[in-house]
Amino acid sequence: MDDARSDSCPGCKTSSYQNPKLKFLVNACGHRLCDSCIKAMFVRPTAPCPQCGTILKRSEFRDHLFENADVEKEIDIRKKILKVYNKQEDDFKLTADYDNYLEEVETIIYNLTNGISVDETKAKIERYKKNHQALIARNRSKLNLEQERISTMVKAQMSEMEEKREKQLLNEKEELRKRKSDKEALLNDLTYADASVDQVLANYRKTQALQLNKENVLNKNSNEKIVFFTMENKEESYTYIPIEEDNLGPKPPSIGELLRNKYVKNIHISEELKGGGFTAPIACNRAIQEAFSCLLD
């Protein structure tokens with residue numbers, strides 16, 4: 001019952017249980033309303049929120065993402081504030097000044113979210129907008145250019161990946177067609193050729209080996225890597241180093257020794273565990289490790 005009430009519209013009291021297609025939207029205050037209530041209440045461009053009385057604009061409703069109204073409210077306020085306070089680190093000579101600026105922005109967002117000194121905070125924002133109009137416009141332009149650059153790069157990478165995928169599908173189809181053609185040719189040679197069966201098969205294997213070698217050379221020369229947002233991948237490959245443990249007891253036999261000495265002959269593992277890779281030698285080895293552990297402590 002509590003879940004149904006928490007998932008209901010505060011305006012019409014309709015719940016998603018009663019109407020599975022119920023769609024919630026939120027505004028600046030963070031409280032949600034269903035789309036039917038919004039259409040009924042916002043005949044005019046503005047109307048008060050039925051929960052907190054905040055004057056809302058119909059055009060500013062957006063999809064409901066979070067259950068907590070405070071989270072929705074903070075996200076909305078943060079987006080608006082960061083459009084005004086949009087300085088970057090390169091706008092400051094000292095890192096300390098940039099840190100103080102970030103702290104000031106967070107304080108403004110916190111005050112507006114929690115209703116602390118709201119009028120004073122809004123007045124401070126208006127003064128900042130008036131005194132830094134040129135800087136705000138310049139940083140907005142820089143941000144838009146950077147977002148456009150990243151978007152172009154992502155599209156190029158996705159397009160390249162799609163081209164490689166299509167090329168791979170075509171190669172696979174061509175490979176299947178060629179295999180079918182080779183098998184038909186082999187059957188024809190076995191049926192109609194004057195040479196013996198052994199000679200026909202030997203020629204076929206030789207042709208296949210030459211073709212495979214040619215394909216390996218081509219694949220090696222055309223080996224390309226797609227690296228996201230970078231042209232180089234300098235990371236070293238991972239090397240596995242076995243863990244050496246001191247079990248404070250006699251050294252247990254290895255899995256190879258267990259198999260050679262047939263210790264696992266009477267151990268049975270269910271089919272479900274086998275599917276997960278848990279084999280009889282592993283079970284036996286683990287049991288012996290536990291039996292030997294701490295015997296010398």
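A patch of like charges joins residues that have over 30% relative accessible area and no salt bridge, linked within 9 Å. Keep that in mind for this tour of a predicted model.

**Stop 1: the charged patch.** Select Glu89, Asp97, Asp99 and Glu103. They gather in a patch of negative charge on the surface. Now pick out Asp97, which lies in helix α4. Its relative accessible area is 35%, so Asp97 counts as partly exposed.

**Stop 2: helix α4.** Select residues 95-114. How far apart are the end C-alpha atoms of α4? They are 29 Å apart. At 1.5 Å a residue, the 20 residues of the helix should span 28 Å, so the two values agree. Next, color the buried residues of α4: Tyr98, Tyr101, Val105, Ile108, Ile109, Asn111, Leu112 and Thr113.

Stop 3: Go on to Ser117, in the loop between α4 and α5 (118-131). Ser117 is not a glycine, yet its phi is positive, about 45°. Most residues other than glycine have a negative phi. Ser117 is partly exposed, at 39% relative accessible area.

**Stop 4: Lys13.** Jump to the loop between α1 (2-6) and β1 (24-26), where Lys13 lies. Lys13 is another non-glycine residue with a positive phi, about 65°. Buried or exposed? Lys13 is exposed, with a relative accessible area of 60%.

**Stop 5: Asn266.** Finish in the loop between α8 (255-260) and α9 (271-275), and select Asn266. At 65% relative accessibility, Asn266 counts as exposed.

Terms used: Residues are numbered from 1 along each chain as its sequence is written. This is a predicted model: local features need pLDDT of at least 70, side-chain atom pairs count only at pLDDT 80 or more; totals for chains, interfaces and linings use all residues. Side-chain values use heavy atoms; hydrogens and water are left out. Helices (H or I, at least four residues) and strands (E, at least two) are DSSP runs, numbered from the N terminus. The expected span of a helix is 1.5 Å times one less than its number of residues. Buried means under 20% relative accessible area, exposed over 50%, partly exposed in between (1.4 Å probe, protein chains only). Patches are made of residues with over 30% relative accessible area and no salt bridge: like charges are joined within 9 Å, nonpolar side chains (Val, Leu, Ile, Met, Phe, Trp, Tyr) within 5 Å. Accessible areas come from the Shrake-Rupley method with a 1.4 Å probe; for residues, only the protein chains shown count as cover. A salt bridge is a side-chain nitrogen of Lys or Arg within 4 Å of a carboxyl oxygen of Asp or Glu. Lys and Arg count as positive and Asp and Glu as negative; His and the chain ends are not counted. The place of a charge is taken as NZ of Lys, CZ of Arg, CG of Asp or CD of Glu.
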